[in-house]
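Have a look at the sequence and the 3D view before reading on.

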Amino acid sequence: MSDPWLSIVGLGEDGLDGLPLASRQVLDRAGVIFGGPRHLDLVGAGRRGQAWPVPFDIAPVLACRGRATVVLASGDPFWFGAGSMLAERLAPEEWQAFPVPGTVALLCARLGWRIEEVTALALHAAPFGRLRAALVRGARVVVTLRDGAAVGDLAAWLCANGYGAVRMVVAERLGGPAERLRNITAQAYDLSDVSALVAVALDAADLAPEVGLSATPGRPETAFAHDGQITKAPMRALTLAALAPRAGELLWDIGGGSGSVSVEWCLAGGRAITIEPRADRIENIRANIDSYGLGARMQAVHGAAPEALADLPLPEAVFIGGGGSQALHDLLWERLAPGTRIVANAVTLESETALMRLHERHGGQLLRIDIAEAQPLGRMRGWSPSRPQLQWSGRR
């Protein structure tokens with residue numbers, strides 16, 4: 001078997017000094033070396049160096065197939081690096097990798113944190129809203145950022161969202177001779193001379209117990225932008241339990257309203273397409289996508305079923321917020337793959353009738369859900385019932 005033509009080499013701030021012998025050997029043999037300008041300078045690539053194109057593209061690397069080639073990446077090339085992008089396009093025998101400790105490992109080592117208990121996020125181009133699911137009392141998070149100015153933006157976001165007590169360890173140029181770590185709370189942040197490369201460790205030990213999101217569905221309505229058209233928290237918890245989300249699965253949320261069911265699904269690890277016919281509610285859905293940093297996992301589609309479903313990728317689960325109609329149910333049965341999970345909630349007599357027919361034709365589980373809340377009644381309290389809801393759940 002011939003040697004791999006591509007070597008993916010992890011590089012730290014200490015450049016060649018921090019590389020093991022194997023990494024040095026493949027660099028010596030390389031006919032071309034790809035990397036960012038800083039990385040190319042660190043290894044003295046000279047004429048062999050080729051900077052990444054802007055926008056980033058691995059096509060120039062693939063064009064070197066068969067020629068001894070090195071790709072330089074920061075630390076561990078498979079943590080939000082180019083390594084996985086290349087490995088997906090190549091056969092296993094075409095490439096080899098030589099990682100060195102990355103940002104997360106280095107910063108946890110400086111702080112004495114257990115890596116397995118730390119949440120790590122790359123927020124170079126991702127919204128800070130992704131932190132909402134991670135920041136609760138006692139949490140430890142490591143994030144990488146695009147530049148020094150973004151650290152101040154992060155501190156401002158933390159304060160604006162109730163996380164001002166979070167302690168920030170601002171780390172610059174980890175692993176190199178210019179390494180610097182500074183410790184400050186978000187609410188006291190006043191650093192003006194932070195420079196890349198930058199990472200920040202967030203220690204939420206001092207957060208109040210009530211700050212942060214619950215780890216389970218059924219978050220309060222106040223956690224979402226909505227106009228009153230929202231699946232209430234208890235019903236949402238029951239709905240997500242029936243939908244049974246699994247990591248990576250796609251949900252169709254038909255008649256999304258505020259998109260709260262889709263948000264809860266994505267926070268459980270899935271992906272969602274939310275279909276909503278009203279433009280004003282689409283804006284609320286998009287606001288919730290932005291608030292939770294779900295732009296890569298949740299999509300709002302302005303339109304009505306069944307027309308809006310025509311070109312969508314097939315899901316693993318479907319939620320019908322308004323119960324739907326027999327025509328919609330029939331279309332779903334024609335289009336969806338066998339085994340697709342379906343949950344439909346109904347509150348009107350007409351939509352209840354459609355769900356009863358669905359139950360008669362396809363079995364599944366049919367539940368009537370009555371919820372009442374204690375409210376003042378004169379000088380005492382009494383039960384204030386919500387409208388009863390019918391829920392059907394089953395598989396295509």
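First, some ground rules. This is a predicted model, so to speak: local features need pLDDT of at least 70, side-chain atom pairs count only at pLDDT 80 or more, and totals for chains, interfaces and linings use all residues. Residues are numbered from 1 along each chain as its sequence is written, and side-chain values use heavy atoms, with hydrogens and water left out.

Let's start with α1, which spans residues 21–29. Helices here are DSSP runs of H or I with at least four residues, strands are runs of E with at least two, and both are numbered from the N terminus. Ser23, Val26 and Leu27 are the buried residues of α1; buried means under 20% relative accessible area, exposed means over 50%, and partly exposed lies in between (1.4 Å probe, protein chains only). Seen down the axis of α1, these buried residues fall within an arc of 105°, so they line one face of the helix. That arc is taken from the directions from the helix axis to the C-beta atoms. An α-helix has 3.6 residues a turn, so residues three or four places apart point the same way.

What do the buried residues of α1 pack against? Their partners are β1 (6–11), β2 (32–35), β4 (69–74) and β5 (95–98), where contact means heavy atoms within 4.5 Å. On the face turned away from the buried side, α1 carries the exposed residues Leu21, Asp28 and Arg29.

**The nonpolar core**

Next up is the largest nonpolar core, which has 30 residues. Such a core is a set of buried Ala, Val, Leu, Ile, Met, Phe, Trp, Tyr and Cys residues joined through side-chain atoms within 4.5 Å. Leu131, Leu145, Leu154 and Met168 have the most contacts inside this core. Elements giving it two or more residues are β7, α6 (148–160), β8 (167–172) and β10, and α6 gives the largest share, 6 residues.

Leu154 is worth a look: this residue is found in helix α6 and is buried, with a relative accessible area of 0%. Leaving out residues up to four places away in sequence, Leu154 touches Phe128, Leu131, Val143, Leu145, Met168, Val200 and Leu202.

On a 1 Å grid over the protein atoms alone, a cavity is a set of points where a 1.4 Å probe fits but cannot get out, while a pocket is an open set with protein on both sides within 12 Å along at least five of seven lines; lining residues have an atom within 4 Å of a point. Grid points are joined across faces, edges and corners, and a volume is the space filled by probe spheres set on the points.

| Space | Volume |
|---|---|
| Largest cavity | about 50 Å³ |
| Largest pocket | about 1200 Å³ |
| Second largest pocket | about 910 Å³ |

The count comes to 1 cavity of 30 Å³ or more. Gln326, His329, Asp330, Ala354, Arg357, Leu358 and Arg361 line the largest cavity, and α11 gives the largest share of that lining, 4 residues.

As for the largest pocket, 41 residues line it, and the closest to its centre are Arg38, His39, Ser74, His124 and Leu197. For the second largest pocket, the lining has 39 residues, with Gln229, Ile230, Thr231, Lys232 and Gln389 closest to the centre.
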